[in-house]
Amino acid sequence: MTVDALTDVTGLRVGHATLTGDGRLTGTTVVLAPEGGAVAAVDVRGGGPGTKETDALDPRNVVQKVEAIVLTGGSAYGLDAASGVMAWLEERGRGVRVGPDPGHVVPVVPAACVFDLGRGGDFRARPDAATGREAVTAAAASEPGAPVTEGCVGAGTGASVGHVKGGVGTASTVTESGFTVAALVVANAAGEAVDPETGVLYGELFGGRVSYPSAAVHGRARDRLAEAAARNSLPPLNTTLAVVATDADLTKAQAQKLAGTSHDGIARAVRPVHLLNDGDTVFALATSARPLPQDQPLILNEILAAGADTVTRAITRAVRAAHSVTGPGGLWPSYGELYGGGER
């Protein structure tokens, strides 16, 4: 049974820590790999990224597998959440072995952040090491293959896409050759997910059937978005993050290719994309449960195409799953409030 989520890649678990109230509107999401880790790579294309340990994922470097990926709010301050995940992993002897004792490990925990500072009203309300520990503990406590909560949770709690509320979204698929490919995103872009001329989500233009809002509904939505734009004084400093995973046995170089082509999925769902005030970052994970046939190297193309497709669908799901937020930090109407729930 599949749940159309990142957890359809066997062995991966997802946990959220959500911080709201008292000026907070932020959080952290952790993707926990199977014990022993997963092959990992990254591709950063935004002009203002906030990341940690991404150099370790370069195929030229020694680290081959990681135990967890951290996606977090709080801009660069929020990267401290990775420290809590590292401590949790160290306590369990999970990480790169660096000494004779089983406890002599260094957990390599790549992380990336989104800008959501001040969106709850308090600029100093940010995820920290305790938030990271809460998120990884939630991931470890989840059942294998469990559904993943979407919308305004974890790292997507304070997310926005243009002037519409953003959040966490996820999706999965199985390729023609039987490989599972899945994505989890934090949709928090400076660009727009909604076509200003029609009100349709850009990402849904690639999904076949499209339902266009009426002129009256679209007109009211545009007025509401103009109200939000006038009220929100914070700068449009954003970032879309994604983890794309597969059960295929990929090398680090192949995983890096998957991370790169998966950026196409962001470009389909958000316009414009990869701006100087975005930090768009895609991580790729390969659990290596299914070998690639050595005599058919181009089968990798199926996985590359599926990565981009699942990222697009995950972004549209994130926007549809989000709820409106109004508070001291600003006003972010949800797509559902503006245009109705519709189908995902």
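I started at Thr51 and looked up its bridge partner in strand 9, which is Ala112. The model I am reading is predicted.

Strand 4 and strand 9 (residues 111-113) pair in the antiparallel sense, over two bridges. I then traced the sheet they belong to: an open sheet of five strands in the order 1-2-6-9-4, with mixed pairing. Its edges are strand 1 (13-21) and strand 4 (51-52); each has a single partner strand, so one side of each is left without a neighbour in the sheet.

Next I checked which helices lie against these strands. Helix 1 (residues 81-91) packs on the sheet and touches strand 2 (24-32), strand 4, strand 6 (68-72) and strand 9. I noted an angle of about 155° between the direction of helix 1 and that of strand 6. Helix 2 (residues 129-141) lies across strand 1 and strand 2, and runs at about 140° to strand 1.

Six strands form it in the order 5-3-15-14-13-12; it is open and its pairing is mixed. Strand 5 (65-66) and strand 12 (167-174) are the edge strands, each pairing on one side only. Helix 4 (residues 252-269) packs on this sheet, where it touches strand 3 (38-44), strand 14 and strand 15. The direction of helix 4 makes about 45° with that of strand 3.

I went through the pairings one by one.

- Strand 3 and strand 15 run antiparallel and are joined by six bridges. Here Asp43 stands opposite Val282 in strand 15.
- Strand 14 (residues 241-248) and strand 15 (residues 281-290) run parallel, with seven bridges between them. The bridge partner of Ala248 in strand 15 is Arg290.
- Strand 13 and strand 14 pair in the antiparallel sense over six bridges. Val185 stands opposite Ala242 in strand 14.
- Strand 12 and strand 13 pair in the antiparallel sense over eight bridges. Ala171 stands opposite Ala183 in strand 13.

I also looked at the turn between strand 12 and strand 13. This hairpin has five residues between the strands, and Gly178 takes a positive phi near 95° there.

I asked how many residues of strand 13 (residues 180-187) are buried. The count is eight of the eight, so strand 13 is largely enclosed by the rest of the structure. In a regular strand, side chains alternate between the two faces of the sheet. I therefore sorted the residues of strand 13 by side, with buried taken as under 20% relative accessible area. Thr180, Ala182, Leu184 and Val186 are on one side, Val181, Ala183, Val185 and Ala187 are on the other, and all are buried, which leaves both faces covered.

For strand 15 I found seven of the 10 residues buried, so this strand too is largely enclosed by the rest of the structure.

**Entry: a surface patch**

Val96, Val98 and Val106 make a nonpolar patch of about 220 Å². I placed Val96 in strand 7 (residues 96-97).

How values were computed. Residues are numbered from 1 along each chain as its sequence is written. This is a predicted model: local features need pLDDT of at least 70, side-chain atom pairs count only at pLDDT 80 or more; totals for chains, interfaces and linings use all residues. Side-chain values use heavy atoms; hydrogens and water are left out. Two strands pair if DSSP finds at least two bridges between them. Helices (H or I, at least four residues) and strands (E, at least two) are DSSP runs, numbered from the N terminus. Contact means heavy atoms within 4.5 Å. Axes are lines fitted to C-alpha atoms, for helices over the stretch in contact, and angles run from 0 to 180 degrees between N-to-C directions. Patches are made of residues with over 30% relative accessible area and no salt bridge: like charges are joined within 9 Å, nonpolar side chains (Val, Leu, Ile, Met, Phe, Trp, Tyr) within 5 Å. Accessible areas come from the Shrake-Rupley method with a 1.4 Å probe; for residues, only the protein chains shown count as cover. A salt bridge is a side-chain nitrogen of Lys or Arg within 4 Å of a carboxyl oxygen of Asp or Glu. Buried means under 20% relative accessible area, exposed over 50%, partly exposed in between (1.4 Å probe, protein chains only).
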